[in-house]
Amino acid sequence: MIALSARIAQLPRWAQLGLAALCGAFGALAHAPFGFVPAIVIPLCAGFVLLQAASTVRMATLNGWALGFGYFALALTWITEPFQVDAATTGWMAPFAVVLLALLLGAFWAGALAFARWAGGGAIPLVIAWAGAEMLRAYIFTGFPWATPVQVLVDAWAGQGLAWLGPHGMMLATLGAVAAVLALPKGWVSFAGLAALALSLLFAVPMRDSALSEHTIRMVQPNAPQDEKWDPEMIPTFVNRQIDFTAAPGDPDLILWPETALPYLAENAQPVFDVIADAARGAPVVLGIQRQQDNAYFNSLVVLDGAGQVTQSYDKHHLVPFGEYMPAAWLFQRINVGGLAQRAQGGYSAGPGPQLLDFGAVGRALPLICYEAVFAHDVGNAPERPSFLMQLTNDAWFGARSGPQQHLAQARMRAIEQGLPMVRAANTGISAMIDPKGRVIASLGLNEAGYLDAMLPKPGAVTLYARTGDVPWAVFLLISGIAFVLRRSRRRRAGAIDGS
């Protein structure tokens, strides 16, 4: 690694930055829709090499920024899709959105390399700083942990480590493994170790089939394109389609419709609720809908009983910034810019937080509306352990390629982390039943209208991560970071004394 770093250090600055961006982009091939999982090793290795090649903190910052920019710019190309729903109005924003988001997220990686160089330039400071940067990305400014490197591990044997370590512990362990291999004494040995590490990500450990409960859940997938979903002429088509799927033969114990499945406010929808309950033949129905209370609007779900009455409800609490609400709304209102997904002036209001829904013999579920399944700590903050996780989502916003597939990967991460099954109803797909090991045991594909009946797996044992959450890793990373700061301070003082 030292020889390679020395060669890179001799390149012109523009060449170093271009190489860093290229390595980052190659790593994005590990994510859907490409799915070449071993590619994730490239940007992780490149981070350590680029750190050694940087002679100054400034150059380390630029190298990290370029690496992160290349990675996120390709991994998050789906971010342009919401702007194309109303292309005449918002289409011009799409390229700016992906570039600015990649620059913003790349800044976390820039900070990691900058800190490591400032702390002395070793591999261990980078392991700590990089894992810390990814944790910050999950929390700061409401968080956006999409496309974290360990997201690609859901199909690999290593992905089961999420049950023990969670996403941030797994990031720390993965970086530690890469650093250890790079530290091997001979170049060819290090190369062989990296190849073995990369190839190991292609294989999953054989696991026994999950035990299934005796309960069947039906997931309804209407496949309503976002540009038609709220069209008055198309609304009857999509509503009737969902009612027909609900009434289809079978005897499900619970029926799920996706996020904002009905284009009405909940308080005005009783006539439709009655029809849905009749189609469900006594089975409870969970469906996404908007509701209004005290001049506030909520992105919600309701539970209908056999008589069509709302017996339980849940309001989404982790909203999408620039989608469901606008930060600094007073400023954006002056230029007539609103959230892409908001259906009310001023956007949605946030609900009070995680809660459980009780479905009797089927069990208790933790509801997640769309984006909420991206946050491991939100899922871990449930008031009690549920029997299963339930996600209602409208992935029509994300297009038909990488976005919905990456969103599904994150749902699978949450199942592994908690040791719980996940039932997922998505408007345009991918609706799926996921077992506690994160395996998709039944699914409906993208852009397919239909319904899926699947047996609900039994919950697995309580995982270590479900017990501990992120606190131990946050404390460890914070203490480690402080230790590096103190070490550098001591060295500077010692240098000043020696120099005197």
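The lining of the largest cavity draws at least two residues from each of the helices α8 (123-139), α9 (162-182), α15 (376-380) and α16 (402-418). In this predicted model, the volume of the largest cavity is about 110 Å³. Its lining comprises 15 residues, of which Pro145, Thr148, Pro167, His168 and Val374 lie closest to the centre of the cavity. By class, six residues of this lining are nonpolar, five are polar and four are charged.

A search of the whole structure identified three cavities of 30 Å³ or more. For the second largest cavity, the computed volume is about 80 Å³. Helix α12 (residues 235-247) provides the largest share of the lining of the second largest cavity, with four residues. Among the lining residues are Pro222, Ala224 and Lys229, together with Ile235, Phe238, Val239 and Gln242; the lining also includes Thr260, Ala261, Leu262 and Pro263. Eight residues of this lining are classed as nonpolar, two as polar and one as charged.

On the surface, a nonpolar patch is formed by Trp65, Trp92, Phe96, Val99, Leu100 and Leu103, whose accessible area together is about 620 Å². Helix α7 (residues 94-118) contributes four residues to the nonpolar patch, the largest share. Leu100, one of the patch residues, is located in helix α7. Leu100 is classed as exposed because its relative accessibility is 54%, and exposed residues are those over 50%.

How values were computed
Residues numbered from 1 in each chain as written. Predicted model: local features only at pLDDT ≥ 70, side-chain atom pairs only at ≥ 80, totals over all residues. Heavy atoms only, no water. Patch = residues over 30% accessible without salt bridge, like charges linked within 9 Å, V, L, I, M, F, W, Y side chains within 5 Å. Areas by Shrake-Rupley, 256 points an atom, 1.4 Å probe, with all protein chains shown as cover. Salt bridge = Lys/Arg side-chain N within 4 Å of Asp/Glu carboxyl O. Buried < 20%, exposed > 50% of the residue type's maximum accessible area, 1.4 Å probe, protein only. 1 Å grid on protein atoms, 1.4 Å probe; cavity = no way out; pocket = protein on both sides within 12 Å on 5 of 7 lines; lining within 4 Å. Points joined across faces, edges and corners; volume = space filled by probe spheres on them. Nonpolar A, V, L, I, M, F, W, Y, C, P; charged D, E, K, R; others polar.
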